[in-house]
Amino acid sequence: MRKLRAEQFGLTRKVDYGSPEQNESVRQIVEAVRTEGDAALLRYTEQHDRVKLEASGLRVTESEIQAAYDRVDAGFLTAIREAADNIRKFHEKQLRQSWVDVQPDGTMLGQLLRPLKRVGVYVPGGKAAYPSSVLMNVIPAQVAGVPEIVMVTPPATGGKEGIDPYILVAAAEAGVKEMYRVGGAQAVAALAYGTATIPPVDKICGPGNIYVALAKRAVYGVVAIDSIAGPSEIVVLADDTADPAYVAADLLSQAEHDEMASAILVTTSEALGDAVVAEVERQLALLPREGTARQSIDGYGAILIAETMTEAIDAVNRMAPEHLEIMTAEPMTLLGRIENAGAIFVGPYSSEPVGDYYAGPNHILPTNGTARFSSPVNVDDFVKKSSLIYYSKDALFANGDNIMTLARHEGLEAHARAIEIRLERERGK
């Protein structure tokens, strides 16, 4: 790992919006699915996933879901159910209600909250399958009250056996009734525009590769999307009390995701930095995904040595990491100084995988520094808000002149006259 001083360290990463060739490929796929529907969807599934399907075979059947239950082990079923319960309880606390404020003059203002009608969840299946991401996307939408939740996932996440059974079981446990075996940019396009087999949705959420990200970017505006996520990232903020084995293990927990994942230690202790370098090397050799993790550590891993904790925290806030772990002698005393982070893990026993899988907060987090202005996926992402405005005659009489003044100041005479005609007519009665 690179070990750098603060003044040597680049604190920004370039957001990857794909090569011109990737963008053009996605544009063609999206347009083909928009105009040809199922025919294009099936063609690209055969071309990119090497799976030949008929339109009638796109939807996952109930018997396939039941067969998936027979293939998963009991321990997984217990864990996924307990995790789902934790996630549901956490997100239920985020629920907000519609409200109305009535004034003495008869004015009534408010906000009406209603769930989206139909949401599409993309579940990737490239380098690994992620049943946990199914829960993190589906459960907040369910808690919000979304009546129709549909899942799409590549047709061969489980190899020759088809869709990974753990993905199907996680979706079934989360309550998904509608699942399709389709992935990539073509799946995103199908969710956005609809085909004869897959009705369109109002919002698309869920992680994916660069083609999925570019497709979500291309259809934004036709539908809503959660975000255009970049590679996973973790920052560990530590002092000389941190256990280097814990720090190294948590850095590697993100590095094994992807060759472009970022794992950074920010510390005031050069001795800790040296110990973590040694621990990373020792633990790397034990990982089944050593090749991926090593490329990540070599390309995007670093140890930043800060002179003071204030300098260290400033670096963290400028990076705005997806995951932030605080491993210091008194981590709670630093919490109020953290301004930008997707999820904050406090203390030596709050390892990042606790949040990835089980604790309850959502693990779909802002990446690439977007934690400066973005939040984890939450119930509000699946709710739309309508403003409610009711003015009585008395209220309009009391405020009409001000409204007309503002309208005419902007040169919108018809706006002003829409008020004026009411005042004149009512006063003439």
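## Glu233 in strand E9

Glu233 belongs to strand E9 (residues 233-238); strands (E, at least two residues) and helices (H or I, at least four) are DSSP runs, numbered from the N terminus. The model is predicted, so local features need pLDDT of at least 70 and side-chain atom pairs count only at pLDDT 80 or more, while totals for chains, interfaces and linings use all residues. Residues are numbered from 1 along each chain as its sequence is written, and side-chain values use heavy atoms, with hydrogens and water left out.

Glu233 has a relative accessible area of 6% and therefore counts as buried (under 20%; exposed is over 50%, partly exposed in between, with a 1.4 Å probe and protein chains only). A polar atom of the Glu233 side chain lies 3.3 Å from the backbone nitrogen of Asn368.

## Asp38 in helix H2

Asp38 is located in helix H2 (residues 38-49). Asp38 is buried but has no salt bridge, defined as a side-chain nitrogen of Lys or Arg within 4 Å of a carboxyl oxygen of Asp or Glu. Arg43 is the nearest side chain of opposite charge, at 11 Å; Lys and Arg count as positive and Asp and Glu as negative, whereas His and the chain ends are not counted.

The Asp38 side chain makes a polar contact of 2.6 Å with the side chain of Thr197. A polar contact is a pair of N or O atoms within 3.5 Å; within protein, one must be able to donate a hydrogen and the other to accept it, and residues adjacent in sequence count only if both atoms are side-chain atoms. Apart from neighbours within four places in sequence, Asp38 is in contact with Ala55, Leu58, Thr195, Ala196 and Thr197 (heavy atoms within 4.5 Å).

In helix H8 (residues 210-219), the buried residues are Val212, Ala213, Leu214, Ala215, Lys216 and Val219. Their cover includes helices H1 (20-36) and H7 (184-193), together with strands E4 (118-122), E7 (203-205) and E8 (224-225).

Asn209 caps the N-terminal end of H8, with a side-chain oxygen 3.0 Å from the backbone nitrogen of Tyr211. Gly221 follows H8 and has a positive phi, near 110°.

## Partly exposed Val277

Val277 lies in helix H10 (residues 270-284) and is partly exposed, at 26% relative accessibility.
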